[in-house]
Amino acid sequence: MVKLEAAYKRLFVDIFVCRKCNTKIRANPRKIAEGKIKCRKCKGNVFRAKKKKATK
Ligand SMILES: [Zn+2]
């Protein structure tokens with residue numbers, strides 16, 4: 001299922017979620033680690049990776 005994989009990547013790869021306001025941001029992981037990315041909503045720079053949750 002290559003197509004599914006591509007869709008999965010688009011949805012989860014390089015997506016980060018602001019810990020303060022849960023805004024989703026697509027960014028380079030290296031920039032996130034360097035603290036160069038700021039949340040557009042709350043200007044915070046603490047993010048977590050968007051987790052692949054097994055939704056059953
Ligand atoms: Zn935020």
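Predicted model: local features only at pLDDT ≥ 70, side-chain atom pairs only at ≥ 80, totals over all residues.
**Backbone turns to look at**
- Most residues other than glycine have a negative phi.
- Asp14 has a positive phi, near 65°, and is not a glycine.
- You will find Asp14 in the loop between α1 (2-12) and β1 (15-18).
- Lys43, also not a glycine, has a positive phi of about 65°.
- The loop that holds Lys43 runs between α2 (29-34) and β3 (47-49).

- Asp14 has 15 C-beta neighbours inside 10 Å, so it counts as partly exposed; the exposed class stops at 12 or fewer, and the buried class begins at 20 or more.
- Lys43 is exposed, because 10 other C-beta atoms lie within 10 Å.
- Helix α1 lies largely in the open, because zero of its eleven residues are buried.
- After α1 comes Asp14, with its positive phi.

**The nonpolar core**
- In soluble globular proteins, nonpolar side chains tend to be buried together.
- The largest nonpolar core in this model has five residues: Phe16, Cys18, Ile37, Cys39 and Phe47.
- Setting aside neighbours within four places in sequence, Phe47 is in contact with Phe16, Val17, Cys18, Arg19, Ile25, Ile32 and Ile37.
- Among those contacts of Phe47, Phe16, Cys18 and Ile37 are also members of the largest nonpolar core.

Note on methods:
Residues numbered from 1 in each chain as written. Helix = DSSP H or I, 4+ residues; strand = E, 2+ residues; numbered from the N terminus. Core = buried A, V, L, I, M, F, W, Y, C linked by C-beta atoms within 7 Å. Contact = placed C-beta atoms within 7 Å.
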